[in-house]
Amino acid sequence: MDGNVQTYKGRLVAKGFRQIHGIDYDETFSPVAMFKSIRILLAVAAFHDYEIWQMDVKTAFLNGKLEEDVYMTQPEGFVTPENAGKVCKLQRSIYGLKQASRSWNLRFNKAIQEFGFIRNEDEPCVYKKFSGSIVSFLILYVDDILIIGNDVPTLQSIKTWLSSCFSMKDLGEAAYILGVKIYRDRSRRLLGLSQSTYIDKVLKRFSMEESKRGFLPMRHGISLSKEMCPSSPQERERMSQIPYASAIGSIMYAMICTRPDLSYALSMTSRYQANPGEGEEELRIKGYTDVSFQTNKNNSRSQSGFVFCLNEASEATKEIVWIKKFISELGVVPSISDAVGLYCDNNGAIAEAKEPRSHHGSKHTFKCFYLIR
């Protein structure tokens, strides 16, 4: 949580890069909970004052059951002398296999549904369980688990049951997950998320820990262009030593989790990853490092207005449709249709959405018209 290493781990890992598709593995996809789903459920928990507990699955991938025949050479230092020429046939999944994550997810999904949880249609790693007025939610992100609910004995029974199925670590009340610190003031119905430790780590990694603190990720009036990109072989060679793309990716994780204010700056700077120049603006990620959810029982609705062009309105519409469906399936937020909506005051976009006009190069926009309508 504070950036210090708590535990060192050593694992036996299979050489998955030697697997052959169709012989010792087939499908490999495994879902994880989207962070926006985690934020929504944390906001729901803050509003209803639910308990938020955390558990961790020890060596999760070792719980998966293999559907294929997979063989592995004996580990160095553990070769049986009388069977030195033989290999091991894996009875369970192991770290390093291409299907290890998928095998674990299928095993957990089957087990959690046996306990009465229902899988969310739009978010396969979010589960819910209702029993009268008792509400329980479970979020799975690979081997990290958040348990949210309004009844302590029920949540305790969930933890007991999980511990009977898998080797678990009980982490108590959720305080730190996926590099994000959770702090809470239940008396004020306030829940906050902070990535200050992660951001400090990123700054140190790219030797920017002494950079100035600011409130805007980019200075006003900055305009980036291809003219700023290297044009000579010497300049390209010098810039190739700078981990520009890696820095963009590291900051992008903070943007997705707790720093939406970085979106515009990242969208501008990420355009030049193939050929970045020294003139590209430094992102200021120091400053606000938290995002919080504060709810009020007497005033639970809030509306925000945005100006959209046609494509942006289309993307916003898709996001709103997903959010409304996801929250509706949770079953704990009343009148969600009235609480979430698209408010667009761009007259051009509204007019085109109502009556699309055909003109040169507009074929790709018909799907935008359809989504908005």
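How many bridges join strand 6 to strand 7? In this predicted model, local features require pLDDT of at least 70 and side-chain atom pairs count only at pLDDT 80 or more, whereas totals for chains, interfaces and linings use all residues. Residues are numbered from 1 along each chain as its sequence is written, and side-chain values use heavy atoms, with hydrogens and water left out.

Six bridges join strand 6 (residues 134-141) to strand 7 (residues 144-149), and the two run antiparallel; strands (E, at least two residues) and helices (H or I, at least four) are DSSP runs numbered from the N terminus, and two strands pair if DSSP finds at least two bridges between them. Within this pair, F137 stands opposite I148. The open sheet comprises six strands in the order 4-5-6-7-1-8, with antiparallel pairing. Its edges are strand 4 (118-119) and strand 8 (168-173), each pairing on one side only.

The axes (lines fitted to C-alpha atoms over the stretch in contact, with angles from 0 to 180 degrees between N-to-C directions) of helix 4 (residues 196-205) and helix 6 (residues 244-257) come within 10 Å and cross at roughly 170 degrees. Helix 4 and helix 6 are therefore roughly antiparallel (angles over 145 degrees).

Conventions:
Parallel < 35°, antiparallel > 145°, perpendicular 65-115°, else oblique.
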